[in-house]
Amino acid sequence: MSAILFFIAGFGAIAGAVGVVMLRDPFYAVLALVGHLLSLAVLFLLLRAEFVAAVQVVVYAGAVMVLYVFVVAYIGGREEPLGELLRGRGPAGAQLRLGAAILSGALLVELLIALLGTGLKAIGGYGAAYAPGPRTFGTPAYIGQLLLTRFLLVFEAASFLLTIAAVGAVVLARRRGGIAEDVDGRKLTPLDLIRPQGTGTMAEGVGARK
Amino acid sequence: MTIGWYLAVSAIVFCLGAAGVMVRRNPLVVLLCLELMLNGANLALVAFSRMWGNGDGQILALVVMTVAACEVCIGLGMIVAIHRRRLPIDVDELRELQG
Amino acid sequence: MATTTWGWLVLLFPLLGTLIIAFGYRRLPGNWAGIIGTAAIGLAFVAALGALISLQGHASDHRELTSSLWNYANTVGVNAEVSILVDPLSVFMILIVSGISSMIHLYSISYLEEDRGFARYFAYLNFFVFSMLLLVLAGNFLLLIVGWAFVGAASYLLISFWYRRTTATRAGIKAFVVNVVGDAGLVLGTYFIFKHTHTLDFQGTFAAAPHVFHTVEADIVAGCLLLLVGAIAKSAQIPLHTWLPDAMEGPTPVSALIHAATMVTAGVYLIARMHVLFELAPAAQDTGAVIGASTLLIAATIALTQTDIKRVIAYSTMSQIGYMIMGESVGAYAAGMFHLMTHAFFKALLFMGAGSIIGAMGGEQSLQKMGGFRKALPFTFACFIIGGLALSGIPPFSGFFSKDEILLVTAERGGWHWILYVMGYIGAFLTAIYTFRMIFRAFYGDPVAEAQELEAGHLHHAEVPRNPANGEVEDTDVGFPGPHHTVAERALPMRVAMSVLAVGAIGAGLVQIPEVDSVITNFLHPTFAGSPLYEPHTRDGLLIFGLCLGTALGLTGIAIAYRIWVKQPSIAVRARERFAPLYELSHNKWYFDELIDYIVVRPAAAAGKFAQGTFERVFVQDTLIGGSTGIVRAGSAAVRAVQSGFVRYYAALLVLGVTGVAFYFLLQT
C-alpha cells in the first residue's frame, strides 16, 4: 500500500519538476511547482514527518506560492516561445542548453552512483518503526521540544532572518522617486550625497546611463 | 520502500532544478527552479532523519523552508523593482556586472 | 716641504680654480672668473717650480719619488691607488704645462672678454689643465687612464664651446670619438702589460718588465702597439689625425693650449714614460718611428695648400708632433722632450698671433681674404716672424737646436733609420715653405680693406656675424662668439702673454746647444737612466753637417716662399694648374676623411640601421616585448571572458563545481 502511494507521489513530484523546467508560461510553471510541493508533502508523510508535511503545505504551498502567484500576475510573465527556449537565442543559446543537460546529467549520475554504491546497506532499511504516541518521532510536540531545547539558537536565528528579509523586501520594492524618471529635475537622495560622481553601476561609470 | 528510493527521487528533483536554473531566461522561473532544488534537498534531509531515527533532519528541513521563504521574498521584491524601472525581465539582458 | 707635497699642490690649485669658477659662476662679477683661473694656474706654476727646486735637492739617483694619497680599492689583484710620481720627466712636463697654460689664460682674459660664456670657458680651461697635470703626474696606469679620459672630455667641451655652431659641435664629437679609439687602445695595452707584471704601479712595472717579458714575446709587442694607438689618437698622428684640423672650431686660445702645447703632447709623454716597455718591443718602436715620420711629411704637404690660417698651424702641429713621436720612438728621449718644450713656446705664440689677426679681420679666418697687415699689426707681425723662424729651424731660434738633435740621433741609430733622417729634412724644408707662405700672404702685399681700416685706427666689425667655416649667418647670443673681438696691439694681457712666449721661442734653445751645454739631457737623466739608448751623441761630423743642412734648408724654404708669394704670385697659380692632381690630393687632406668614412663610418652606420630595423624591431620589440605583453593580454582576456555577466553561466559554473566535488568524494570511497 505504501509502495503504491510512494510511486504515485514520486511520479507527481517528478512530473511537477519537469513541468517547472519545461513550461513556457511562468504561470503554468508556478502551478506545476504547487503540484510538486503537494506531492512532496505526501512523501514527507510516508516518511513519518507529519509536522514537516503540514508546514510544507501551509507555508510553502500556501504562502510562498501565493506570493509567487501575485507577482506573476503583476509582472505579467512574458511567454517565451518554445523554439527559442530550446534553441536559445542570444549568446548563451545552444551551447548552454547542451551544457546544462550534460552537467545536470553528470550530477545525477554521480549522485545515483553514490546511492547505489557501497552505502546501499545503510540506506537499505526502512527506518524507525511506526509507533504512535503523543511525543513520538515526527509529531509536532516532538519537533517543538527539539526546537526549544537543542535547536533554540537555530530557531531564534531563523526568526531574525525572517525579520531582516521582510524589511529588506520593503526597502527594495519601495518606489524611489527620481531615479527611473530623470527628465524633470533629479531629486537627491542621501545616497547621492555620499556617493562621488561616476560611481554606481558600471554604466553610470562610463556615462552610458545616468 | 527503502530509504534509497526517496533519495533517488530527491536526486532527480535536484538535478532537474539545476538544469532549469541554467536553461530558463525568465528570472521568475529561475527562482522557481531554485525552489525545486531546495525541495529536493529537503526531501533528502527528511529521509535521512527517518533513517537515523532522530529529528535533526526535520529541524533542518524547517530551517531550509524558512530560508527559502526569505529568499523568495527578496528575489521577488527585486524582480518587482526591476519591472518598475522598465528593464527587460530577462536574465541574459541584465548583465551590467560583466567585464 | 717634501717634493711630493709640491706635486699635490700642483694638482690642487687648478682643481680649486675649476670648482670655484664652476660653482660661483653666477656670482663672479666681471672678469673675476678669468682672474681666478689665471691665478690658479699661476700658483700651479709656482708649485711646479717648488717641485723642481725640491727635486734637484735630492741625490741624482733618488729622484723618482712617489706619494699615495688614498687607496681606492685593492681587489682582484688590482691595487688602485691615487698616487703620483714626481721625477724629472713629470716635473719637466708640469713646468711646461702650467707655464704655457698660465700665459694662455692671461691671453684669454682679453680674447674672450664679453663672451657670454666667459666663466664657463675658464672653468673648462682650468679643468683641462688639472686633467693634463693629473696625466703627467700619475704614478700608476689607472690614474694615467683617468687623466687621459678627462683630457679628452675637456677637449670636447672646449672644442664645442660655441655650441650653437653646428660645425663646432660636430667637430667636438669627431674629436671625442677618435680619442675614444685611443682610450680603448690605452686600456687594452695596459691590460696586456698588467697580465704579466700584475701591478699597475709605474715603478713596479718598469722594475719587473725586463724580467717578466723576454724580448719579442707577443704580449709586450701587442701591449706596446696598443699603447701606441692611444698615443697616436691623442697626438693626432696618421691615421687617427682627422680630428685635429676640425678641432680648430674652438676659440683660438683653446687651439693654442690644447692642440699645440699640451694635450697633443700627451702621446709623446706616454712613449717617453713607457720607454722601458718600448725598448723591450722593438717592433713597436719601429712602428712609432715610421708613423711619426710619415705624419710629418704628409702633414707638411697638406699645410702647403690650406687656406684657413688656423688649419695651416694645426697641420704644422701635426707635423712637429710627428718629429717628437719619431724621436721618442728611436730613443732620442731628451731631444724629443726638448723639442716638445720649444714647440710649445713657438706654436702657442703662432696661435696667439693668429687670434690677433683673426680679430683684426672681424672673425674671418681665410688666408685668401688677408693681406698687407704689416703696418696695421706690427706687434703681431713681429710675433709671427719670431714664431715662424723658430718653427723653420733657423739659428739661433729654439726650433733649430731641438729639431736637429732629433734627426741626429735618428741617423745614429743607423740602418734603415737613414730614410727617416732624409724624410725629416724634407719635412723641415716644407715646414719653412708653408710657414712663410702663411706669413707672407697675411702680412705682405696690398693691405686689404680691414687692414686699411685698422691703419686708420678703427677695428673692423662684421655687420653680420658669420661662421667662418661655412659662412652661415649667426647671432651673438650665448653659444656663439660675442660681438667683441680685439687685436694684440690693443689689449695689454695679450701682449704680455705673447711677449713671454716670444722670449721663450727665441731663447729656449740656449739650454741645449750641442757641445756647449746639455741642461735637458742631464736633467732628464735619472728617468732614463737604465736605457741603453740614452747616451749623448758622439759623431761630431754628422752633427755639423746636420746643423748646416738644417739652416740651409730653412733659409732656402723662406727664400722660395718669398719669391712666390711676395714677388710673383702667378708662379703659385701656374704650379697649381700644372700639378693639379697633387694639389687636389694635398688640398683634400689626402682624402683621409673620406677613407675613414668608407671604411669605418658607413659600415658602422649600416650595422646600426640593421640592428635597429631588424634585430631591435623584429626581435626585441615585436617578439620579446610584444610577445610577453601579448601573452599577458591574452591570458587576462581569457580570464575576463569568464566575467560575462550572464547569470546562467555562473550557475553553470556552480553546478560544474558541485559535480567536481561530488566526483572527488566518489573517488575517495
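**Note on the predicted model: chains A, B and C**

1. Start with helix H4 (residues 118-137) of chain C: its 20 residues reach 29 Å from first C-alpha to last, close to the 28 Å expected at 1.5 Å a residue. The expected span is 1.5 Å times one less than the number of residues. Helices here are DSSP runs of H or I with at least four residues, strands are runs of E with at least two, and both are numbered from the N terminus. Because 19 of its 20 residues are buried, H4(C) is largely enclosed by the rest of the structure. Buried means 20 or more other C-beta atoms within 10 Å of the residue's own, exposed means 12 or fewer, and partly exposed lies in between; C-beta atoms are placed from the backbone.

2. On sources: this is a predicted model, in which local features need pLDDT of at least 70 and side-chain atom pairs count only at pLDDT 80 or more, while totals for chains, interfaces and linings use all residues. Residues are numbered from 1 along each chain as its sequence is written, and chains are lettered from A and ligands numbered from 1 in the order in which they are written.

3. Chain C has 26 helices and two strands. Its C-alpha atoms fill a box of roughly 120 × 65 × 55 Å along the principal axes. Of its 669 residues, 51% are buried. Among its contacts with a separation of 6 or more, 80% join residues 24 or more positions apart. A contact needs C-beta atoms, placed from the backbone, within 7 Å.

4. Chain A has nine helices and zero strands. Buried residues are 24% of its 210. Residues 24 or more positions apart supply 47% of its contacts with a separation of 6 or more.

5. The A–B contact takes 74 residues from chain A and 64 residues from chain B. Elements of chain A giving two or more residues include helix H1 (2-22), helix H3 (50-75) and helix H7 (152-173). The chain A side divides into 59 nonpolar, ten polar and five charged residues. Nonpolar covers Ala, Val, Leu, Ile, Met, Phe, Trp, Tyr, Cys and Pro; charged covers Asp, Glu, Lys and Arg; the others, Gly among them, are polar.

6. For the A–C contact, twelve residues of chain C meet 14 residues of chain A. The chain C side has nine nonpolar, two polar and one charged.

Key: Contact = placed C-beta atoms within 7 Å.
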